[in-house]
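This briefing is intended to be read with the sequence and the structure in view. Please keep both at hand while going through the points.

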Amino acid sequence: MPDYLDDLRLAHVLADAADAATMDRFKALDLKVETKPDMTPVSEADKSAEELIRGQLQRARPRDAVLGEEYGIQGTGPRRWVIDPIDGTKNYVRGVPVWATLIALMEAGEGGFQPVVGVVSAPALGRRWWAAKGHGAFSGRSLSAATRLHVSRVSQLSDASFAYSSLSGWEEQSRLSGFLDLTREVWRTRAYGDFWPYMMVAEGAVDLCAEPELSLWDMAATAIIVTEAGGTFTGLDGRPGPHSGNAAASNGLLHDELLGYLNQRY
């Protein structure tokens, strides 16, 4: 099995470059923000970070395909880099520090493309998380200064912490009642949002999290980090990996119960 460590080192280099670019424009008074056709915001920093990553990949991995949120798919083949230049753009443009660059490498395999490397870098929080298939998940300032991540061992919903992004998406999918039932069963709920709940699941600080509507670039990096930390990452339909257009992540012990509540429709 490939060890993917060279690819992981490259992903860190890409994240370093993106961090420098995004932090340079964070809280800039003249930051330019546009509205995309799906009515979500995109800043000049989103675009420049993705362009920067694509340029470096073109030089370092010219045979690999690249899929990014802002510029779509380029190239073909069994290896595909998946980029979200700023996950949490709404936070970014308002000066909230909860945002990150998500970089993943996916390889073609049984069941389609699967993530094999993931880096989540949140420079405004001073945090970075990463994983490579078969090598575990880590957090720290560099590959040589890192702490291995492990999900929690909480096995009862009444002791569990559940994180989410917002209520509106659950309501739009007629899943709100099941969602609210779940919040009544768990010990604690918090709406951290975006990439952060998945990283806290990987760290063992949170036991469950879910979102009703996501794109591949929102999930590819977080999925490999959660699973390499010993957790479970699926769609709401139970399909493993980042392929269902939504996500549920847990320490594994509570996953069936999580899906049971979130699939209740009234």
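The points below treat helices, aromatic rings, loops and backbone angles in turn.

This is a predicted model, in which local features need pLDDT of at least 70 and side-chain atom pairs count only at pLDDT 80 or more, while totals for chains, interfaces and linings use all residues. Residues are numbered from 1 along each chain as its sequence is written, and side-chain values use heavy atoms, with hydrogens and water left out.

**Helix packing**

- Helices (H or I, at least four residues) and strands (E, at least two) are DSSP runs, numbered from the N terminus.
- The axes of helix α6 (residues 196-203) and helix α7 (residues 216-228) come within 8 Å and cross at roughly 15°; axes are lines fitted to C-alpha atoms, for helices over the stretch in contact, and angles run from 0 to 180 degrees between N-to-C directions.
- Helix α6 is therefore roughly parallel to α7, given that angles under 35 degrees count as roughly parallel, over 145 as roughly antiparallel, 65 to 115 as roughly perpendicular and the rest as oblique.
- In this pair, Tyr198, Met199, Val201 and Ala202 of α6 meet Thr222, Ile225 and Val226 of α7, where contact means heavy atoms within 4.5 Å.
- Because 6 of the 8 residues of α6 are buried, this helix is largely enclosed by the rest of the structure; buried means under 20% relative accessible area, exposed over 50% and partly exposed in between (1.4 Å probe, protein chains only).
- The buried residues of α6 are Pro197, Tyr198, Met199, Met200, Val201 and Ala202.
- Helix α5 (residues 176-185) and helix α8 (residues 255-262) pack at an angle of about 140°, with axes 7 Å apart, and are therefore oblique to each other.
- Gly178, Phe179, Asp181, Leu182 and Glu185 of α5 meet Leu258, Tyr261 and Leu262 of α8.

**Aromatic rings**

- The structure holds 10 aromatic pairs; rings of Phe, Tyr and Trp (its six-membered ring) pair if their centres lie within 6.5 Å, and planes under 30 degrees apart count as stacked, over 60 as edge-to-face and the rest as tilted.
- Phe162, Tyr164, Trp170 and Phe179 form one aromatic cluster.

**Loop residues**

- Histidine 150 is found in the loop between β10 (145-148) and β11 (161-163).
- Leaving aside neighbours within four places in sequence, histidine 150 is in contact with Ala202, Glu203, Gly204 and Ala229.
- Glycine 231 lies in the loop between α7 and β14 (232-234) and is buried, with a relative accessible area of 12%.
- Beyond neighbours within four places in sequence, glycine 231 is in contact with Val151, Val226, Ser250 and Asn251.

**Backbone angles**

- Most residues other than glycine have a negative phi.
- Tyrosine 4, although not a glycine, has a positive phi of about 65°; tyrosine 4 is placed in the segment before α1 (5-25) and counts as buried at 5% relative accessibility.
- Aspartate 194, also a residue other than glycine, has a positive phi near 55°; aspartate 194 is in the loop between β12 (188-190) and α6 and counts as partly exposed at 24% relative accessibility.
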